[in-house]
Structures are given as structure tokens and as C-alpha cells.
Amino acid sequence: MGDASEAREPASDRSLLCAGERVLLLDAKERRYLLTLRIDASFHTHAGILEHNDLIGTPEGSTVLGSTGRRFVVVRPTLADAVLKMPRGAQVIYPKDLAAILMEADIFPGVRVLEAGVGSGALSMALLRAGADVVGYELREDFADRASKNVSDLVGEGSSYRIEIRDIYEGIDERGLDRVVLDLPEPWRVVPHAAVALRSGGIICAYLPTINQTHQLRQALEASAFGMARTLEVLHRTWHIEDRSVRPDHRMVGHTGFITTARLLMPLVTEDGNS
Ligand code: SAH
């Protein structure tokens, strides 16, 4: 064990909740509520009323009492909580797949990413939180507006994020990109554009719901300058752990999507200059 100087400080200043912040409340039945703290506002649930002023200034992780004596635990939402609770137009990518995409597409601070389509912005949030500079192409203006709002609610203004209303099948203007990350129905139509827009060694990553689409993408990649292609899916099984009952949960999400990546390779140049 460490000495006293290493003692854990349970509620540091970083724990204290401020007005304007988003918080997640859990009631005794583990129902979840996401809200933004506002001075003098009240939060009404069928389990009672909570005054926001009673939450502002308390450390996250606290248990607070509602008007009817019901208890609520208050914490800041994780990115996964925010994604599952945020307003959506398009279907979002689920947290288990967002996590895998960050690793498969090798997202790091400062990486230059072109993302399409932007949808509700769940993938944008994950990319930005990992430090990427993101340009998004999105066909629908209403989705782009929703995504911008979701992103600024979560990561704040001033992140490196820009959305353009346009069709990525018609081409990509950016050059020297590190990554092209796709969540749209026909990513094979983007392969020729990505081969020009990415720098050599860059990664294309596509998320697709069916294996037929995935197969078509893999064929397009096979016939292109991309190599090192791979496809995977993430099976995510939670466990029930209570007293002597320790077993997998009965239900799991059977299928979400397939993640495919490939890298842009340089042609082999022989001594006589031919490839
Ligand atoms: N990854 C997003 C969801 C994307 S849904 C998220 O996590 O929230 C797919 C999106 O692709 C939709 O918003 C659709 O409008 C957009 N889209 C489809 N075809 C497109 C194209 N050719 N160019 C740009 N966006 C496109």
C-alpha cells in the first residue's frame, strides 16, 4: 500500500458538477435519465422531482434524494451513455463497434480523417474524442445539423470538425488524408476516390450491416491499389453477476455490422522503373 501522500482523494475539484454540464441519473431500478444542469430548474420523473440546484456543486458519484425520498445516483455520462441516449435521425453505430473502429482505423490525436456519411454524429464524436481532425461529408442537411448539435453538446465548440453537404460518391476534394472512414450503403463507390485522397499507407475503413455489401467492398478493394484488407465483427456478451448466480446474460445483440479496413499501398517499382 502507498503512504498517506498517495491517499485517494474521493471528491477532487474535477468531480464537482457545474451548471451547463450533462449528467446521467440512475434510479434504484437502474433506469437512466440524461439531462443538462440548469440553475433553478427541476427534473420530473415518475419517481419524484429533483432540483438541479441540489446537483450543482455536488461531486459526481453522489447519491441524491428526490422529493419523494427516492434515491438517484448522479454521474457524468460516458461517451457510450451519450451515444445511446442522444437524439438521432439516422441509426447510430453502437459503442462496441465505435471502439473497434477506433482501433481498426488506428485513430490518434491529430490524424486527418474524412468521414461519410455523418448521420447522427456518433462516429464523429468517437473520432473527435480520440483527437482526430474530422471533415464529414453528408447528403442530408437535417442530419448534418443534428450531428453538429450532438457533437458540440458532447465535445464542445472549437473541436476540429467541419461538415460539408455533399455526395461522397462524386469524389473527395481533400488530399493527403490519413484515414477515410465510411458508414454508408455503397462504400465500393468511394474506393477510387479514397485511393486518390489518401496518402500512401493511409487506411480506409467501412462499416456495413450485411455480408453481401462487405463482399462487394472486398472485391472492389481487391481490384484497387489497397491491400492488407481485413473484415471483422464484434460479438459483445454481457454477464449477470449476482451472489451465486454468475453466468452470461440471456440476451445479447445478435448482429450490428461488419468492419472492413484496408491500406493504400505503393506499387512495386523495379530497377528499370516499371511497376
Ligand atoms: N455513422 C453515423 C450514422 C451514419 S448513417 C453515426 O454513427 O451516427 C448513414 C448516413 O450516410 C446517412 O446520414 C446518409 O444520409 C448518409 N449518406 C448516404 N449516402 C451518402 C453519400 N453518398 N454521401 C454522403 N453521405 C451519404
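R162 and E174 form a salt bridge, with their closest N and O atoms 3.0 Å apart. R162 belongs to strand β9 (residues 161-165), while E174 sits in the loop between β9 and β10 (177-182), so the pair ties together parts that are twelve residues apart in sequence. The model is predicted, and the distances given here are computed from it.

R162 has a relative accessible area of 42%, so it is partly exposed. E174 has a relative accessibility of 12% and counts as buried, because buried means under 20% relative accessible area.

Follow the charges onward to R166. The side chain of R166 meets that of E164 in a salt bridge, at 3.1 Å from N to O. R166 also pairs with D173, and here the N to O distance is 3.0 Å. R166 is partly exposed, at 23% relative accessibility. D173, in contrast, is exposed, with a relative accessible area of 55%. Salt bridges with shared partners link R162, E164, R166, D173 and E174 into one network. Across the whole structure, a search finds 15 salt bridges.

The largest pocket holds about 510 Å³. Its lining has 30 residues, and those closest to the pocket centre are A90, G117, G119, D183 and L184. Which classes of residue make up the lining of the largest pocket? There are 18 nonpolar residues, six polar and six charged. D183, among the residues closest to the centre, falls in the charged class, since Asp counts as charged. G117 and G119, also among the closest, are polar by this scheme, because Gly is placed with the polar residues.

Finally, step back to the whole chain. The secondary structure consists of seven helices and 15 strands. Along the principal axes, the C-alpha atoms fill a box of roughly 80 × 45 × 45 Å. The chain has 275 residues, and 41% of them are buried.

How values were computed
Residues numbered from 1 in each chain as written. Predicted model: local features only at pLDDT ≥ 70, side-chain atom pairs only at ≥ 80, totals over all residues. Heavy atoms only, no water. Salt bridge = Lys/Arg side-chain N within 4 Å of Asp/Glu carboxyl O. Helix = DSSP H or I, 4+ residues; strand = E, 2+ residues; numbered from the N terminus. Buried < 20%, exposed > 50% of the residue type's maximum accessible area, 1.4 Å probe, protein only. 1 Å grid on protein atoms, 1.4 Å probe; cavity = no way out; pocket = protein on both sides within 12 Å on 5 of 7 lines; lining within 4 Å. Points joined across faces, edges and corners; volume = space filled by probe spheres on them.
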